[in-house]
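Hello,

Here is the structure you asked about. Please open it first, then read the notes below it.

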Amino acid sequence: MSEKHISSAAFADTKPHYHILDGLRGIAAITVVCFHLFEAFATSHLDQVINHGYLAVDFFFMLSGFVVGYAYDDRWKTMKTGDFIKRRIIRLQPMVVMGALIGGGMFYFQGCPVWDVTQVTIAALVIATLLNALLIPAPVGSEVRGLGEMYPLNGPSWSLFF
């Protein structure tokens, strides 16, 4: 059986791809993860291993803005706003929902001494998970961890919200 080769011209989204930008976005993402991992062991900002690692978020946002703008630059005249939003939801929403479900499960089953899960009702956890899955910020005073976070079950969701 011969293997069929599908021409890249068959895909409407095909444009020259800048692998270096993907690499830089990956480095920025890994830098932020490392910043947060080392943050747990730092006693102050002075002994933080990657002291300004949070700046990689801004770098990632700038690169992502360029990548999204580049991907859609020749379609803005023909694409409606609703079409753009639909494409972004199809691309991002499954990841957001999975993050909310994993975050809700981890919160409930982790047995963390910092957050007493027995004080959180199942209804409150379901509502928090649903809000997080829909990228709706937790109302003030109602989030499950009590820290005033926008997305208590999946903290990085704030970046998609903004």
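Is Phe161 buried, partly exposed or exposed? Phe161 counts as partly exposed, at 38% relative accessibility. The classes are these: buried is under 20% relative accessible area, exposed is over 50%, and partly exposed lies in between (1.4 Å probe, protein chains only).

Before the rest, two notes on the source. This is a predicted model, in which local features need pLDDT of at least 70 and side-chain atom pairs count only at pLDDT 80 or more, while totals for chains, interfaces and linings use all residues. Residues are numbered from 1 along each chain as its sequence is written, and side-chain values use heavy atoms, with hydrogens and water left out.

**Overall build**

The protein chain has five helices and zero strands. From the N terminus on, the order is α-α-α-α-α.

The C-alpha trace spans about 55 × 40 × 40 Å along its principal axes. The radius of gyration of the protein chain is 20 Å, whereas a compact globule of 162 residues would have one near 15 Å. That radius is taken over C-alpha atoms, and the globule rule is 2.2 Å times the number of residues to the power 0.38.

Buried residues make up 23% of the 162 residues.

Contact means heavy atoms within 4.5 Å. Take the contacts between residues at least 6 apart in sequence: 49% of them join residues at least 24 apart.

On charge, there are 11 positive and 12 negative side chains. The centres of the two sets lie 14 Å apart. Lys and Arg count as positive, Asp and Glu as negative; His and the chain ends are not counted. Each charge is placed at NZ of Lys, CZ of Arg, CG of Asp or CD of Glu.

**Aromatic rings**

How many aromatic pairs does a search of the whole structure find? It finds 11. One of these is Phe66 with Tyr70, which is stacked: 6.0 Å centre to centre, with 10° between the planes. Rings of Phe, Tyr and Trp (its six-membered ring) pair if their centres lie within 6.5 Å; planes under 30 degrees apart count as stacked, over 60 as edge-to-face and the rest as tilted.

Phe66 and Tyr70 are four residues apart in helix H2 (residues 55–72), so about one helical turn separates them. Phe66 is partly exposed, with a relative accessible area of 44%.

Ring pairs also link Phe61, Tyr151, Trp158, Phe161 and Phe162 into a cluster.

**Phe161 and Leu135**

Phe161 lies in helix H5. Neighbours within four places in sequence aside, Phe161 is in contact with Leu135, Pro137, Met150 and Tyr151. Phe161 and Phe60 are 101 residues apart in sequence, yet 15 Å apart in space, C-alpha to C-alpha.

Leu135 sits in the loop between H4 and helix H5 (157–161). Its phi is near 60°, a positive value in a residue other than glycine.

**Asn132**

Where is Asn132? Asn132 lies in helix H4. Asn132 counts as buried, at 1% relative accessibility. Not counting residues up to four places away in sequence, Asn132 touches Val96, Ala100, Tyr151, Pro152, Leu153, Asn154 and Ser157. From Asn132 to Tyr108 is 24 residues in sequence and 15 Å in space, C-alpha to C-alpha.

**Two more positions**

Gln110 is in the loop between helix H3 (81–109) and helix H4 (122–133). Gln110 is partly exposed, at 38% relative accessibility. Gln110 and Asp22 are 88 residues apart in sequence and 34 Å apart in space, C-alpha to C-alpha.

Asp58 lies in helix H2. Asp58 is partly exposed, with a relative accessible area of 43%.

Best wishes

Note on methods
Helices (H or I, at least four residues) and strands (E, at least two) are DSSP runs, numbered from the N terminus.
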